[in-house]
Amino acid sequence: MESSSMVFGEKDWLACCGSVKFAEEMVAAGPFSNYQEALDAAKDIWFNKVDVNGWLEAFAAHPQIGDSPSQSHKSPTSAQWSKGEQSTALTTATKSTLQELYEWNARYRQKFGFVFLIFASGRSTPEILAEIKRRYHNRPIVEFEIAAEEQMKITELRLSKLFSANATAGSTTKTPHATDVVTKAGEDRVSIIGGHLTAPTENLTAKPSQTFTRTRPPITTHILDVARGCPAAGVEVRLETWDSNQSRPVFGHTDLGRWKLQGSSATDKDGRSGQLMNMVNALNPGIYRISFNTGKYNPEGFFPYVSIVFEVRDSQKWEHFHVPLLLSPFSLSTYRGS
């Protein structure tokens, strides 16, 4: 017998993510019957419905790494969770590393305009210092998206805490068995998240358990118009795969008729494309091409269209491939996102 849906209020969702828009949308989307259902909704809301101001509002709800949350924090629960999430960093800090962290926090905020955000649970001060130094060299628009991804990791952890706490408190409408299931789900999720952060590089592509399911298609994209300082809306995007019965594509050789269309879409107001392929558990290994109709978006620009070809190997079929494009009239860049 399934447990009844869990009803949470706006303040509960604010504890998980400090964006009022996020909290309002979660209330509207609920109630949720289980943690996974809430997580799926949270990812969709955070990446597709919360705007730039909402992202910044959520970032601002976090204290600097190494600092205690403000006594006047709008969510006491969030403040308490922040303290716990930074516990490993604080216990591994020395006076000198803590001072260095304060200095780098200040440099980071001065450059990017928001607090350095990282999924800190289980991470030591030296680890966090190395990460802030590495990310400091990013372009602001790249770092902004990385921070949003880190916020989602934190939200994911806090959702598991919220559901676990609700289950532990108990409800007269829930059986002890249902309580155990929800609590165990939360504990497992925390363990999985921590494992991804601490696992050696060679283990990151290991096949997950058979219960693994995706919450978004395995290949996605996001286009940012650097010249205008905003997402690029209305850009046509195509995703294709190379015919595996043919020899591999070779630079400089004609390859007409050998690409198979997987899907096409146009970017929305946030610069994100619609679904380019079906939701699948394991992505078929092979060679993919994602193409952008940049000439139609900006007829005066330098690029009539842009195509990016990449290969997914068998060991990577469980991964998510995010291919952002940073576009300006006479230059572009891309990088492998997560």
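Because the model is predicted, local features need pLDDT of at least 70 and side-chain atom pairs count only at pLDDT 80 or more, while totals for chains, interfaces and linings use all residues. Residues are numbered from 1 along each chain as its sequence is written, and side-chain values use heavy atoms, with hydrogens and water left out.

**Overall build**

- The protein has 11 helices and 8 strands; helices (H or I, at least four residues) and strands (E, at least two) are DSSP runs, numbered from the N terminus.
- Of its 338 residues, 44% count as buried, where buried means under 20% relative accessible area, exposed means over 50%, and partly exposed lies in between (1.4 Å probe, protein chains only).
- Among contacts with a separation of 6 or more, 69% join residues 24 or more positions apart; contact means heavy atoms within 4.5 Å.

**Cavities**

- Rolling a probe the size of a water molecule over the atoms shows where empty space is left.
- There are 2 cavities of 30 Å³ or more; a cavity is a set of points, on a 1 Å grid over the protein atoms alone, where a 1.4 Å probe fits but cannot get out.
- The largest cavity holds about 120 Å³ of space, a volume being the space filled by probe spheres set on the points, which are joined across faces, edges and corners.
- The lining of the largest cavity has 13 residues, and lining residues have an atom within 4 Å of a point.
- His62, Ile65, Glu85, Ile118 and Ile154 lie nearest the centre of this cavity.
- By class, the lining has 8 nonpolar, 4 polar and 1 charged residues; Ala, Val, Leu, Ile, Met, Phe, Trp, Tyr, Cys and Pro count as nonpolar, Asp, Glu, Lys and Arg as charged, and the others, Gly among them, as polar.

**Annotated residues and Glu145**

- An unreviewed UniProt entry gives the annotation "binding site" to His222, Arg272 and Tyr335; positions are in the numbering used here, feature names are shortened, and annotations may be inferred rather than shown by experiment.
- His222 is in strand S1 (residues 219-225) and is buried, with a relative accessible area of 4%.
- Glu145 lies in helix H9 (residues 140-169) and is buried at 7% relative accessibility.
- Glu145 and Phe47 are 98 residues apart in sequence, and their C-alpha atoms are 9.9 Å apart in space.
- Arg272 sits in the loop between strand S4 (259-266) and strand S5 (286-292) and is buried at 10%.
- Beyond four places in sequence, the residues that Arg272 touches include Phe47, Trp55 and His222.

- Ser291 is in strand S5 and counts as buried at 12% relative accessibility.
- The side chain of Ser291 makes a polar contact with that of Ser307 (2.7 Å).
- Lys317 is in the loop between strand S6 (306-312) and strand S7 (321-328) and is partly exposed at 23%.
- Lys317 and Asn284 are 33 residues apart in sequence and 6.4 Å apart in space, C-alpha to C-alpha.

Key
On a 1 Å grid over the protein atoms alone, a cavity is a set of points where a 1.4 Å probe fits but cannot get out, and a pocket is an open set with protein on both sides within 12 Å along at least five of seven lines; lining residues have an atom within 4 Å of a point. A polar contact is a pair of N or O atoms within 3.5 Å; within protein, one must be able to donate a hydrogen and the other to accept it, and residues adjacent in sequence count only if both atoms are side-chain atoms.
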